[in-house]
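Biologist: I have a new model open and would like to talk it through. Could you help me see where its descriptions come from?

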Amino acid sequence: MGDSGGSAVSVDIERISFGGKEHHIQTKHGPVSVAVYGDHDKHALITYPDIALNHMTCFQGLLFCPEAASLLLHNFCIYHISPPGHELGATPISPSSPVQSVDELADQVAEVLDFFGLGSVMCLGVSAGAYILTLFATKYRERVLGLILVSPLYKTPSWTEWFYNKLMSNLLYYYGMCDMVKDCLLQRYFGKRVRGGSVVPESDIMQACRSFLDQRQSMNIWRFIQTINQRHDLTESLKQLQCRTLIFVGENSQFHTEAVHMTTKLDKRYSALVEVQACGSVVTEEQPHAMLIPMEYFLMGYGLFRPSHVSSSPRSPLNPFCISPDLLSPESMGVKLKPIKTRANLGV
């Protein structure tokens, strides 16, 4: 294990279907929790979740897919970074501690890499987490091999997002994790098919997420919302990115327009857009199978493959996706294949 001058307390934690180890690392910008899964000798994959989530609620669905688990764990050691105070069992952050800026959170990611002695890494982030990792990639270009971004943010908040964030902040500050805050967050995360309605009941994912949100430290969530609501525009910085970028976005995501527009700011030779039908923002939980084939093609460009004993990637009719043919090119994916456009019909 590398050492950047910080200190850490490590706790063994057995989770889901494979063991992990959680590290609490002290950085210049405060403590951060990192859950590590896999062989430390493999390439590093850094993840960062959306507001109020952590790796158990933002990436578990993806890693519960056997094909995705075989692809990622066969090639990577996964380092799940939680936003400050978002880890399992987190205690309230002291009110006297300053709220970190987005730049400080990006610098915190660099300190995590230093602590573990990591060089260049692959990054996987969702919405607010995608913004932090994109910012990290623009500040530390030599340390990022590639970006996999899910419903990413890259501009300053729109008036609508700013209003909802402000509403959630005020409610969290005065009332804690009340039902209205949970409804705002669930609307941010998931599409209508998962959220249900007056006729269709809530899905198991929704019920599990509601239960999880009840366990969150309200003021820790408030702090991260404050940070994200004060983010700056990355448009000019995107032009300096030197890595391949794969973007997923649900067609019902609140951030669909921003994610699609982000692709126009990237070099089309090295970027691809995957629009997931009938899905909200957190594709990793709502329709993780839709990510498998695009990720396989993307990782082929780095010489990374799934183990040969695993069967070919499933094309589940319940998890359709559409790959933009203009963006998914042989040059951008690093393989000599024709551009792909796949659209499956929803199963009923």
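This is a predicted model: local features need pLDDT of at least 70, side-chain atom pairs count only at pLDDT 80 or more; totals for chains, interfaces and linings use all residues.

Biologist: What makes up the secondary structure of the protein?

Modeller: The protein has 15 helices and 10 strands. Of its 348 residues, 57% count as buried. It exposes about 14900 Å², and carbon and sulfur atoms supply 52% of that.

Biologist: What share of the contacts with a separation of 6 or more comes from residues 24 or more positions apart?

Modeller: Such pairs account for 76% of those contacts.

Biologist: Why is α4 called roughly perpendicular to α5?

Modeller: Helix α4 (residues 102-116) and helix α5 (residues 128-139) pack at an angle of about 70°. Angles of 65 to 115 degrees count as roughly perpendicular, so α4 is roughly perpendicular to α5. Their axes lie 9 Å apart.

Biologist: Which residues meet there, and what classes do they belong to?

Modeller: From α4 they include Val102, Leu105, Val109 and Leu113, and from α5 they include Tyr131, Ile132, Leu135 and Phe136. By class, the contact has 11 nonpolar, no polar and 3 charged residues. Asp103 and Asp107 in α4 and Lys139 in α5 also take part.

Biologist: How do you know that strand β6 is largely enclosed by the rest of the structure?

Modeller: Count its residues: 6 of the 6 in β6 (residues 121-126) are buried, so the strand is largely enclosed. Val121, Cys123 and Gly125 point one way, Met122, Leu124 and Val126 point the other way, and all are buried.

Biologist: Which strands pair with β6, and in what sense?

Modeller: β4 pairs with β6 in the parallel sense over 4 bridges, with Leu45 opposite Met122. β6 and β7 also pair in the parallel sense, over 6 bridges, and there Val126 stands opposite Val150.

Biologist: What makes β3 count as largely enclosed?

Modeller: In strand β3 (residues 30-37), 7 of the 8 residues are buried, so the rest of the structure largely encloses it. β3 pairs with β5 in the antiparallel sense over 4 bridges, and Tyr37 stands opposite Ile78 in β5.

Biologist: Why is Ala52 called buried?

Modeller: Buried means under 20% relative accessible area. Ala52 has 0% relative accessibility, so it counts as buried. Its place is in the loop between β4 and α1, and its phi is near 70°, a positive value in a residue other than glycine.

Biologist: What makes helix α3 mostly covered?

Modeller: Of the 10 residues in α3 (residues 66-75), 7 are buried, including Ala68, Leu71 and Leu72. The buried residues of α3 pack against β4, α2, β5 and α14.

Biologist: And which residues are buried in α12?

Modeller: In helix α12 (residues 256-263), the buried residues are His256, Glu258, Ala259, Met262 and Thr263. They pack against α5, β7, α11, β8 and β9.

Methods: Residues are numbered from 1 along each chain as its sequence is written. Side-chain values use heavy atoms; hydrogens and water are left out. Axes are lines fitted to C-alpha atoms, for helices over the stretch in contact, and angles run from 0 to 180 degrees between N-to-C directions. Helices (H or I, at least four residues) and strands (E, at least two) are DSSP runs, numbered from the N terminus. Angles under 35 degrees count as roughly parallel, over 145 as roughly antiparallel, 65 to 115 as roughly perpendicular and the rest as oblique. Contact means heavy atoms within 4.5 Å. Ala, Val, Leu, Ile, Met, Phe, Trp, Tyr, Cys and Pro count as nonpolar, Asp, Glu, Lys and Arg as charged, and the others, Gly among them, as polar. Buried means under 20% relative accessible area, exposed over 50%, partly exposed in between (1.4 Å probe, protein chains only). Accessible areas come from the Shrake-Rupley method with a 1.4 Å probe; for residues, only the protein chains shown count as cover. Two strands pair if DSSP finds at least two bridges between them.
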